[in-house]
Every structure is written in C-alpha cells, then in structure tokens.
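Hi,

Here is the structure I promised to pass on. Have a look at it first, and then read on for what turned up in it.

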Protein chains: 2
Amino acid sequence: MSITVAVDAMGGDVGLDVTIPASIRFLQDHPEHRLILVGDLPAIEARLSALSADARARIELVHATQVVGMDEPPQLALKNKKDSSMRVAINQVKEGRAQACVSAGNTGALMATARFVLKTLPGIDRPAIAKLMPTVKGTSCVLDLGANVDCTPEQLLQFGIMGAELVGSLTRRERPTVGLLNIGSEDIKGNETVKQAGELLRGSALNFYGNIEGDDIYRGTVDVVVCDGFTGNVALKTSEGLAHMVSVFLREEFTRTWWTRLCALAALPVLRHFKARVDTRRYNGASLLGLRGIVVKSHGGTDALGFRFALEQACEEVGSNVIGHIADQVALQLEKIQRPAVEPSTTPETL
Amino acid sequence: MSITVAVDAMGGDVGLDVTIPASIRFLQDHPEHRLILVGDLPAIEARLSALSADARARIELVHATQVVGMDEPPQLALKNKKDSSMRVAINQVKEGRAQACVSAGNTGALMATARFVLKTLPGIDRPAIAKLMPTVKGTSCVLDLGANVDCTPEQLLQFGIMGAELVGSLTRRERPTVGLLNIGSEDIKGNETVKQAGELLRGSALNFYGNIEGDDIYRGTVDVVVCDGFTGNVALKTSEGLAHMVSVFLREEFTRTWWTRLCALAALPVLRHFKARVDTRRYNGASLLGLRGIVVKSHGGTDALGFRFALEQACEEVGSNVIGHIADQVALQLEKIQRPAVEPSTTPETL
C-alpha cells in the first residue's frame, strides 16, 4: 500500500536541514511511499539536487510563503499565517492529497490549526496529544500530554478509548489495558474529576486496570495511561529533566580522572547500548488524536533520525486505519454510556 | 544545643529493625542530642541491649499500644488509634517534650494526625509535604507532594513562602528563588488556579522566578518548586519510576554477556559513585510544613541509613527555627496581600 505523507518542511528548531535529510532517507527506505514537502520551494529544491530519479519522482513540492514561529501564540498563527508551511501541509490531508501530516513546529499552533482545518471526530470534545513512552516491559501510550489543561471526566474517557486504539494500531496489542493516572490506587483517591473519570472508565467496555501512580508509567503497568494535559505534560517534562540529570551525572563520573576515563572507554560499548535503548529519538512522534485526519508532531529539537521515526509513525497510523477504529469505538462506547441517561425518560408518561 | 526528637519506632514497612538501628547510630553521631522512642516497649528494649551507657542515658522510652497500618484510612487511624506510636510521638511535640517528630508510617494518617494534634500555623490553610530533590546544580525543594489534591491560588502562595523558608533553613541559601510548576513559561499558560497563583507570587515579596516546566525541577532552575499535591505527587512518582527503569536497563546491559560483565567490573567504582550521587536515601525526609511543630516523614521503605537522614533533617529544622521563620513570613506577607482587599471598603460611605 502506497501512503502519501505531507511534511511541514520548515517546522522545528532547525527546519529544512532536519526535515529534508529525514524525508530523503524515508523515501529510500520505503520505495512504495510518497511525500509532499511543503515550504520554501527554492530552499527545498536546493537540498534535493543529489536525489535519485526514483526518489525524486515520489516527491511533490508545494510552496508556502510563511513559517509559524516556535513561540508564536497559536491563535495568532491561526489568524495570520494562512499560508504557513504547517497549515498548507495540514490542508493536504484535508483535501485528500495526503493521508497524514508530520510537523516539528510549534505544538500549540499545530493543534489549533489541525483542529480548525480538520475538525474533531464525532463524539470527541477535544483532541489529545498521545505518545508512546519506553517502559521496563516495552512501551506505554500516555495521553494527554498538554493539549488540554482542564479536562472533564468524559474527555478522560475519550482519551482512554483513543489511546487504546492507538496502542492497538502501533503495537498490535489486543485489548490493551488502560490506567488512570492518580495519586493512589484506591478508588477514593484524587480530585473530583479523576474520581468521576474512574467511574466512567470502570463502566466502559475498555480493559480498565484502575488507578495507577506516576511510577507505573515506566514500570509498564498498563498499555495506556490516561491523564489531563497539565499532569501529563509535567510528567513528560519532569522525565526529560531527570534523564538529562542522569546523563550529566554519568558523564561527570566517567570523566572525573584519567582512571575513570579509562573505565568509560572499557564500558563504552555497554554505555552506547544503554543510550540507544533510552534514545528519545526512537520515541519521537506524538499523535494528535481525535481529529478527522492523522497529524503527527515531531519534537522541535530532534534530528533527522528522530524526524524519520515521526514519518514512520504517521505511516503506521495510516496503514492500521487508526482514525477509522477510533471513530468506530467512540461511536460504540459513547452510545453505551449515554444510553442510561436517555432511556429512563424523565417525562411523565401521562403527558 | 541539645535537641530532642520523638521517633515513631513502629512506623514504616519494616518498623523497629530500621528505626532502632538508625536511632542508635544517630545518638552515636550526635552526643548532644536526645531521642524519645515511642512504641512497643519490650520490643524496643530488646534492641537496645548492646547500647553504651552514655547513649542509653539519652533515650527516653514511651509505650504505645497501637500501630497505624500502612494502608489504614487516615480518618480511621485518627479516630481509632489514639494510642498509636505515631500519635503518641506527635503528642511529645505538642506537649513540649520533643522539638520534632519523625515517622516512616502511613503518610495520610501522619498528616491527618499531625494536623489534628498540632494544628496549622496562623495564615496557613493546609499543611504541605515538602522535600529536597537532587538537581544538576544541587538541590531544590518541591511542594506540595501529595497532601492537597486541589489547591487555591492562596495556598500555592503559602507553599511558596513555606518552601523558601525551608530551603533557607536546610541549605542556608539567601532569598531562594521560587518557581511555579506549569506547562509553559509564559504567564498565560496553565489553568485558572495556576494563573492566579502566578499573579499572587509575582506580587509577593518572594524572589519569584516565574513559571517553570517539569524539566526545570532537575535542572535546578529554581530553589523552590511550587505545585498542587496532585501534580507534585505525579512528578515525584514518575521520577521514581524512571529512575527504576534506568537502573534496570543499566543492570541488564552490564550483565548481558561475560564481556559486558567484565566492563561492569572495570566501571564498578564509577558506577558506585554515580549510584551514591542519586541515592534516594540521602534525600529521605519530607517535611510536613505549616504545622505548629516539626514533623518529618521518612519514606516507608527506607533502610536505617535513610531513616537517619530523616532524623538529621528534623534536627536541622529545629536548629534553624524553621517554624518561627515560616510563622513570621506568613504573617508579614499575607498581611501585605490581604491589605488591598480590605482597604477599599465596599460599604457605601453614606450608610
């Protein structure tokens, strides 16, 4: 199956020098797929000169005159950057020319634009940002990672449904377990929203594990971790900070004296293997779930390898029809949940 | 200065076999300090037989017939366990026989009991749990770590004041910087509570840095990290989970083959040094701040070394008069903040 992905070639901290090499390598690895590169045409073309005729034939170029700044307020980007590489790339999905879009640009602007252009699926209040994270046992999907600061219990249930489908799509796990991020395992723990979300999840058709705590994310206790965007974002960023501290400390310890440098040299292959295992580039690619189109957000600071993983993920989502599955499950499960509220009519029969 | 600390000898996952060895070692290290060991007298005495006469003379034993279970609901413990080692230890502080209390028992029960027995300081709505965490630059104090699931902006301001005083007390830093944990650095980020807390903190006399993100905790961007107890608890537990994963992966990589085992042997001194640096026992001891008495919570699963660090921390807090400083600052700063709300009277002058 040939898949076409639209690439926001200008997005990210680096832009073209990451997105174009990643795109070229992606086309070489996947002779069946196609890319639409969106951005400043002359600048893109200059970087494609050495490309083989075969790969070049699978690239379409679309010009865009604007670029969304990494710190630009989403609403301003939405209003003033109608010809940005980000928006034009999303338009490719909307207009059916691409089946997915990948951008390393400003997350808030990407979410706002994607939501405006593509709209949400029926039954989904707001899209969520979901990401596979490494765990002791493999990977877990965590959502929301920052799109929704305040969430209703119903939204958290929607996240559970979407996360389960994404895990099914990306890892082929059957009936993935879903956990609700909380500060204790007992049902009575947490704030009102979380308690009510727990009730909805328990009553749903999902394979609900129950409450989990922060450490369960990396223990791989469940396949899907549901939380509001504030908590999820803090958990993700805190992890980044801790990982950075660990790498700084390891480097300091191994470079302290000539003797520890020798030790490092001896341990280098092992340390490299360890580093590869926790390499964030391998987990690059966050899915904007709940939209009527596939949008994958690459980390703004990633390199070509990381961006390529985001392109791969977009293809996986297209290939497994994740949006179709989410739409089906949302329709099925929300219907079930809403039924009790509708069936016992409050209208007196005598009227 | 001689300090007396009351020890909940029965608390924690292990109880006496951690608390008593830690207490003995503490008395040997500090010939000026005294301990009140609270719990099952015969069981405690059996563990003190080998003690020197000098150290024995600085121990007072107080019998308690009950023990609070690690999973016991706080309200039940408060109601039914009036003669628990935890409660009797806190009573020692209330009655002025000890200047601080240390327990490795059930956190919720400890907080509920301490609050009931000792009461909060004037101006403090609810106590918070605060802890020093290791950072790239040294340590930062994070609060609240789980005592308050929902917080008002005023409470978050109170946490900032208390955290700054604790940091001043434990690390002697002058005018510690205070950051508000959020999902972006701009003032407009976050939910309503966080935005309002930001305004209060900006208007306060604290050395307010502004919003910080999760990764700033371990980057040591600020001295004090303010957050609600839900977010703080998730950040703390997520860190525990990630640290666990890193150690599992490192162990797996270094034990993969006979060659990597040799590498590990070569790197052992360096790895040990690294491990000591991130040793959670060194950071054991969370302060229950905002009470009219010093209560330090030790991790329930720590060993004697970790428990000893919690005893040390209690002494530091007594020696630096952290409660006096918190009470002064809260009175001073809250007076300032409440003034504008009081001065422009809403009562019409003509009445």
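Chain A has 13 helices and 11 strands, where helices (H or I, at least four residues) and strands (E, at least two) are DSSP runs numbered from the N terminus. Its radius of gyration is 22 Å, close to the 20 Å that the globule rule gives for 351 residues, so chain A is as compact as a globular protein of that length. That radius is taken over C-alpha atoms, and the globule rule is 2.2 Å times the number of residues to the power 0.38. Along the principal axes, the C-alpha atoms of chain A fill a box of roughly 80 × 55 × 40 Å.

Before you go further: this is a predicted model, with local features needing pLDDT of at least 70 and side-chain atom pairs counted only at pLDDT 80 or more, while totals for chains, interfaces and linings use all residues. Residues are numbered from 1 along each chain as its sequence is written, chains are lettered from A and ligands numbered from 1 in the order in which they are written, and side-chain values use heavy atoms, leaving out hydrogens and water.

Now the two domains of chain A. The assignment gives domain 1 (1-119 + 291-320) and domain 2 (132-283 + 324-351); the bounds come from an automatic or database domain assignment. Their C-alpha centres lie 26 Å apart. In contact terms (heavy atoms within 4.5 Å), 11 residues of domain 1 of chain A meet nine residues of domain 2 of chain A. About 830 Å² is buried between these domains, and carbon and sulfur atoms give 55% of that. Buried area here is the accessible area (1.4 Å probe) that two parts lose on being put together, summed over both. On the domain 1 side, F309(A), E316(A) and S320(A) lose the most area to domain 2, together 47% of what that side buries.

What about charges and polar groups between the domains? The rule finds two salt bridges across this interface of chain A, a salt bridge being a side-chain nitrogen of Lys or Arg within 4 Å of a carboxyl oxygen of Asp or Glu. D303(A) forms a salt bridge with R281(A), with the closest N and O atoms 2.6 Å apart. There are also three residue pairs in polar contact across the interface of domain 1 and domain 2 of chain A (both at pLDDT 80 or more). A polar contact is a pair of N or O atoms within 3.5 Å; within protein, one must be able to donate a hydrogen and the other to accept it, and residues adjacent in sequence count only if both atoms are side-chain atoms. Helix α12 (residues 304-319) of chain A gives the largest share of the domain 1 side that touches domain 2, six residues.

Another pair to look at is R172(A) and E316(A), whose side chains meet in a salt bridge (3.9 Å, N to O). R172(A) lies in the loop between α7 and β7 (177-181) of chain A and E316(A) in helix α12 of chain A, so the pair ties together parts that are 144 residues apart in sequence. Over all chains, the structure holds 32 salt bridges.

Next, where the chains meet. Chain B and chain A put 50 residues each into the contact, and the area buried between them is about 4800 Å², with 74% from carbon and sulfur atoms. Across this interface of chain B and chain A the rule finds six salt bridges. R277(A) forms a salt bridge with E252(B), the closest N and O atoms being 2.5 Å apart. The rule also finds 12 residue pairs in polar contact between chain B and chain A (both at pLDDT 80 or more). On the chain B side, α9 (214-219), α10 (229-254) and α11 (258-277) each supply at least two residues, and α10(B) gives the largest share, 21 residues.

Finally, some backbone details. A cis peptide bond joins L143(A) and D144(A), with omega about 5 degrees; D144(A) is in the loop between β6 (139-143) and α7 (153-171) of chain A. In chain B, the peptide bond from L143(B) to D144(B) is cis, with omega near 10 degrees. R172(B) is not a glycine, yet has a positive phi of about 60 degrees, and lies in the loop between α7 and β7 (177-181) of chain B.

Cheers
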